[in-house]
Amino acid sequence: ETIVMEEDTEFDVDVEELSTTSRSSSEVVCEILKIGAASDRGQTATLAEHNAVSGLIGELESMEEEDKFEGDSTGTWELVYSSTQLFRSSPFFMAGRAVCKTQEEAQQYDWFCDMHRAALAISTIGKVRQVVSSNRIVSEFEVKAGAVPFLNDFTPFSYSGGLPFAIEGAIVSSADIAKSDQISGVLEWELYMDTVEIKGSNIPLLRRLLDNGLKLASRNLGDFLEETIESYSNPRPVFRTTYMKEGIRISRDQDGKMFVYVKVSDSVEPKDYSSSSPDLGLTKLLEGINDTFTW
């Protein structure tokens with residue numbers, strides 16, 4: 001079957017080959033991981049590739065419950081594929097979606113998230129993790145962006161790049177698992193958003209403020225709004241896991257957007273970013289120069 005994307009682009013997808021009727025679940029998972037790896041976790045995936053992954057995931061989800069669930073959901077999980085923006089795996093953005101009451105508002109929120117990523121296109125997304133304990137989920141979203149703009153805008157040099165300094169840090173959002181149920185082969189978590197903070201920032205001065213406890217207490221803000229605005233209620237998004245086996249977890253948000261995770265450890269402790277130096281990467285640059293050149 002040939003799926004036509006644009007006038008000058010075609011992708012061949014063998015639908016029969018994507019079926020699990022003649023392949024094990026491990027082989028199907030391997031195909032999902034291949035597309036995730038080739039498309040930067042789905043960020044550069046074509047519509048045909050997203051559709052292929054959706055079909056593969058659907059096959060895994062249709063398995064009997066005893067065949068698609070094993071192991072413990074607690075531990076550290078890294079995101080390897082998403083059918084939407086990677087940051088929407090954060091409970092903060094899931095809570096933002098849960099505030100929307102109508103389909104029109106949900107579509108507007110989708111557009112906002114797409115524009116948010118477009119506005120930050122200069123940044124590079126690093127590791128995206130979920131650290132899950134028995135009653136809490138911590139999302140770690142690591143990001144890097146150039147710190148010094150193009151040199152020829154400010155200097156007589158014609159070099160088209162900037163200085164090799166970068167702003168680095170991790171956006172860490174935490175939520176309680178207020179409710180956990182496994183119904184009809186689906187593990188449902190009701191999330192109660194707590195805080196958002198920046199960890200491991202390498203920006204001088206700002207790092208000190210952040211390490212001293214500067215954070216967004218979104219739950220407290222929501223509680224205040226709930227008390228003062230009659231029509232407002234603190235959002236509690238539902239995050240559903242539909243497949244979990246052999247270190248692979250497939251989850252969906254309330255709109256069915258898909259997130260595929262690989263379990264990298266059994267640790268339920270968030271990453272310690274205290275060793276990150278607040279120097280915009282200057283120390284790494286000097287060490288690299290010293291190691292590369294002979295003086």
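Strand 9 (residues 248-252) and strand 10 run antiparallel and are joined by five bridges in this predicted model. Helices (H or I, at least four residues) and strands (E, at least two) are taken as DSSP runs numbered from the N terminus, and two strands are said to pair if DSSP finds at least two bridges between them. Arg252 has Met258 of strand 10 as its bridge partner. Together, strand 9 and strand 10 form a hairpin with five residues between them. Within this turn, Gly256 has a positive phi of about 85°. Strand 10 (residues 258-265) also pairs with strand 3 (residues 75-82), in the antiparallel sense and over six bridges. In this pairing, Val262 of strand 10 is the bridge partner of Glu78. In a regular strand the side chains alternate between the two faces of the sheet.

Positive phi values also occur in residues other than glycine. Asp40, which is not a glycine, has a positive phi of about 55°. Asp40 lies in the loop between helix 1 (25-38) and helix 2 (47-61) and is partly exposed, with a relative accessible area of 38%. On this scale, buried means under 20% relative accessible area, exposed means over 50%, and partly exposed lies in between (1.4 Å probe, protein chains only). For Ser184, phi is near 50°. The loop between strand 6 (166-183) and strand 7 (186-199) holds Ser184, which counts as exposed at 71% relative accessibility.

A nonpolar patch on the surface is formed by Phe92, Leu216, Leu221 and Phe224, with about 360 Å² of accessible area together. Patches consist of residues with over 30% relative accessible area and no salt bridge, like charges being joined within 9 Å and nonpolar side chains (Val, Leu, Ile, Met, Phe, Trp, Tyr) within 5 Å. A salt bridge is a side-chain nitrogen of Lys or Arg within 4 Å of a carboxyl oxygen of Asp or Glu. Accessible areas come from the Shrake-Rupley method with a 1.4 Å probe, and for residues only the protein chains shown count as cover. Leu216 is found in the loop between helix 6 (206-211) and helix 7 (218-228); with a relative accessible area of 39%, Leu216 is partly exposed.

The mean pLDDT (the predictor's confidence in each residue, from 0 to 100) of the protein chain is 87, and 86% of its residues reach 70 or more. Over residues 1-11 the pLDDT is below 50, and this stretch has 19 contacts in the model beyond near neighbours in sequence, a contact being heavy atoms within 4.5 Å. Where pLDDT is low, the predicted coordinates should not be read in detail.

Residues are numbered from 1 along each chain as its sequence is written, and side-chain values use heavy atoms, with hydrogens and water left out. Local features need pLDDT of at least 70 and side-chain atom pairs count only at pLDDT 80 or more, whereas totals for chains, interfaces and linings use all residues.
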